[in-house]
Amino acid sequence: MAQWSRISQLIQYLPDETINDFYPSVTFAIEVRHFLSEWIEKQRWEDFALENMEQEANARALLDEIIMLLQSSSQQNANVVDKMKLMQISKNMSMFQHQPLQFAVMVRDTLRKERVLLRAMPQVNNPQQHQQYITRESAFPSMQDVDHLVLKVLEVQDLRQNIHQVQEELNWERQNYESLQGTMDTTLSEVTRLQNHIQQLEYNVNTMATKRFQLLRECVDCLDQCQTQLLSRLKAWRGEQYKATIGHPFNDNLNVLQMWCEQLLGVNGKLRQELMLIVDPILELQERLGQLLQLLIQSSVVVDKQPPQVIKTQSKFSTTVRYLLGEKVAPGKPVVVRAQIINELQARSLNITPSDNVGEVINNTAILEHNTTSKSTCATFRNMSIKKIKRADRKGSESVTEEKFALLFSTEITITGCDTAYRIQMISLPVVVIVHGSQDNNALATIIWDCAFSEPDRVPFVVPERVPWKLMCSTLNSKFTSEVQTHHNLDHYNQHFLAQKIFDKPDFNDDFSNMMVSWTQFNKEVLPGRLFTFWQWFEGVMDLTKKHLRTYWSDGLIFGFIGKQHLHLILKERPNGTFLLRFSDSEIGGITIAYVAAAEMGEHKQIIKNIQPFTKRDLDIRSLGDRIRDISDITFLYPDFPKHDVFKMYYSEPQTSTSGGYIPVSLHTKVGMETGSLATNVTSVAHHTESHHNAARYQVDAGSGVPCVPNMTNHAESSHNAVGYPLPQFQQFTPQEAITREQMETSDSPAVEFSPDPVVFSDEATGDMDLVLNSLLSFS
């Protein structure tokens, strides 16, 4: 499909401002693009560049032809409005007669912008997706000011040429006047006419020179304004890139900003040339242009692909630095970009030498290379690694996972047309360097807090100690939905429970809207009665949901975060068997089933029970849907949905046959004393439970219906199974016997790994449920 055909389909979704940016009415109106689309797309516009003066004749030929085609289209058009519009546009284009290359480059850039838009646009016919993309694209700044600036520069150049022509005529007339003075037959009227003409020419030269000086000053002011807008947008782009860490939407397309950088660099070069052509150059404007040039060259570097924000020593990682003025880099010697690790204090000054390293970085150099396909110039570090790190002295209870570093990228770049080599520096987003995998969770907490609550113009890497709960709540929701990849947000009840948990206020009626939450509450202090912090618990829930429960959550089948008080409030009047799914309050990364059970002997009230939480290991063995199908005590998902109606799509197909003639074997979930008399014949072992009466158990049934293997859990109550074979002996360590979290966070020794759960060892088996089951089943 022709390029204009595809663009014209998107016009209805583009805001007016974007259309005006693409097709300025004064220079390249959308009517030109529409009526001459086929002819335009057949020409070789990519051959043109402002510095290629040898292409000026070809550019003038194309300009003349396009004006002729517009006039022809105007004459053939029956619509009077279109007829007059096309005629006016053809007249407007005559302004490029003295600068045909400027016209050709403008058309080239317009076609490039169209291709950028088409590459980034979703290849679907869904208007909603188109509109979502356009909404993101509209966040890019308007380039109308740049278009106006280009027109002003054209006017300055035209004035210079006109002044030159008038000055030549003035010089000729002065020469004629001098030659006439020595001639006797010259009449007085002729001398007077010549004098008047000379005076008029002098006046015209002075008037045009004054106007040119004024226009030059206006151009520099406008350039300053446009460049300030550009740098603000680059800063906003980096901020949006950082906010993507917590799930905010982010459009990483830099092509529009690159085009803007290149245009401003070209305008700066033209204005410097205009000032050089003045007999008495304006030093003030020359200095301003030089400062603007240096600032643009040094600010046009971005970390396109950030390094991981939690980096483990001795581990490989990659990152990419992009230079937005890459096409303007002077050819010749390759540009080498060097990376080094810096600490927070160094990030505040950036007055750093290569010998100021606080760590040793492996594979820390890359060549700046231009990609002709993507039109980008990047230095890609593919196999970087931090070999060692030097930490600052920690204060008080500060841990190694709270110390922030950054990667500093530096190089020297010479731009075509500039004699000076400019020193370029750019730092990455803050990173936390760890030495143990168990430190990853707490290091990520540091990054999340820094990303969510740091001010745009802060001193690196200062963050507030306390933030409003509303802001924290929004951050948790963004992170949860982006990590799980769902559009189902945390609802009001979920958010209220999270506040109850972080503030340790179990009363359901408490109001948390105006409270402040501290970094200490977020990930320093362990929760009351627990061995983990709020963030460790929340991150465990995210990980479980992402890996095993995303579709359940997205379909609204999981209530999620809910406190015991609220749980009893909504279930107390429900019929027996009503249940809901909630995240475990006492275990990291667990989901439990709370349900209404029949009153026990001697009791008159219903009982709300909580089945032992299922963790990632449990759900790896048997899915949540199959477990729900297995448990006969639960029948209706809150408030009153039959479980087989809402969960049937999550049930696995039953196994119908096996190879080798063996009897089919299946795994089932049993709750509490559901096994009845079988409990005396089968070894049963329970996890730590939220309800001692509701320990979830595994049972393997063979075709005969007679249990032949023990239920599997964390510790063995018997050393023999039902058929007399010895079970593997396990040794379980308590958390007090294991290395503590505090010891681990203050250690930089990579030799020890910390496990937050009790560690189980076996000299005969791994402890994984499926492996043990397979080994036991083999006896049959």
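Visitor: Where does Phe-461 lie?
Guide: Phe-461 is in the loop between helix 14 (440–453) and strand 12 (466–468). Helices (H or I, at least four residues) and strands (E, at least two) are DSSP runs, numbered from the N terminus. The peptide bond from Pro-460 to Phe-461 is cis, with omega near -15 degrees.

Visitor: What kind of model is this, and how are residues numbered?
Guide: This is a predicted model: local features need pLDDT of at least 70, side-chain atom pairs count only at pLDDT 80 or more, and totals for chains, interfaces and linings use all residues. Residues are numbered from 1 along each chain as its sequence is written, and side-chain values use heavy atoms, with hydrogens and water left out.

Visitor: Back to the backbone. Which residues does the cis bond with omega about 5 degrees join?
Guide: Tyr-638 and Pro-639. Pro-639 sits in the loop between strand 17 (636–637) and strand 18. Most residues other than glycine have a negative phi, and most peptide bonds are trans.

Visitor: What is the phi of Lys-375?
Guide: Positive, about 60 degrees, although Lys-375 is not a glycine. Lys-375 belongs to the loop between strand 7 (369–371) and strand 8 (376–389). Its relative accessibility is 31%, so Lys-375 counts as partly exposed. The cut-offs: buried means under 20% relative accessible area, exposed over 50%, partly exposed in between (1.4 Å probe, protein chains only).

Visitor: And Gln-485, buried or exposed?
Guide: Gln-485 is exposed, with a relative accessible area of 61%. Its phi is also positive, near 65 degrees. Gln-485 is in the loop between helix 15 (469–484) and helix 16 (492–503).

Visitor: Switching topic. How many cavities of 30 Å³ or more are there?
Guide: One. The largest cavity holds about 70 Å³ of space. On a 1 Å grid over the protein atoms alone, a cavity is a set of points where a 1.4 Å probe fits but cannot get out; lining residues have an atom within 4 Å of a point. Grid points are joined across faces, edges and corners, and a volume is the space filled by probe spheres set on the points.

Visitor: Which residues line the largest cavity?
Guide: Among them are Val-301, Tyr-323, Leu-368, Phe-409, Ser-410, Gln-425 and Met-426. By class, the lining has nine nonpolar, three polar and no charged residues. Here Ala, Val, Leu, Ile, Met, Phe, Trp, Tyr, Cys and Pro count as nonpolar, Asp, Glu, Lys and Arg as charged, and the others, Gly among them, as polar.

Visitor: Which strand supplies the largest share of that lining?
Guide: Strand 9, with four residues. Strand 3 (317–323), strand 9 (405–414) and strand 10 (421–427) each supply at least two.

Visitor: How do strand 9 and strand 10 run, and how many bridges join them?
Guide: They run antiparallel, joined by seven bridges. Two strands pair if DSSP finds at least two bridges between them. Ser-410 stands opposite Gln-425 in strand 10, and both residues line the largest cavity. Strand 9 and strand 10 form a hairpin with six residues between them. Gly-417 in the turn has a positive phi of about 95 degrees.

Visitor: What strand order does the open sheet of four strands have?
Guide: The order is 6-4-9-10, with antiparallel pairing. Strand 6 (365–367) and strand 10 are the edge strands, each pairing on one side only. The twist averages 25 degrees from one strand to the next. Angles run from 0 to 180 degrees between N-to-C directions; axes are lines fitted to C-alpha atoms, for helices over the stretch in contact.

Visitor: What is the order of the five-strand sheet?
Guide: 16-15-14-17-18, with mixed pairing. Strand 16 (607–610) and strand 18 (641–642) stand at the edges, each with a single partner strand, so one side of each has no neighbour in the sheet. Helix 18 (residues 534–554) packs on the sheet, touching strand 14 (578–583) and strand 15. The direction of helix 18 makes about 140 degrees with that of strand 14. Contact means heavy atoms within 4.5 Å.

Visitor: Last one. What does Gln-102 touch?
Guide: Leu-50, Phe-96, Val-150, Leu-154 and Lys-270, not counting residues up to four places away in sequence. Gln-102 lies in helix 7 (residues 100–120). Gln-102 is buried, at 8% relative accessible area.

Technical notes: 1 Å grid on protein atoms, 1.4 Å probe; cavity = no way out; pocket = protein on both sides within 12 Å on 5 of 7 lines; lining within 4 Å.
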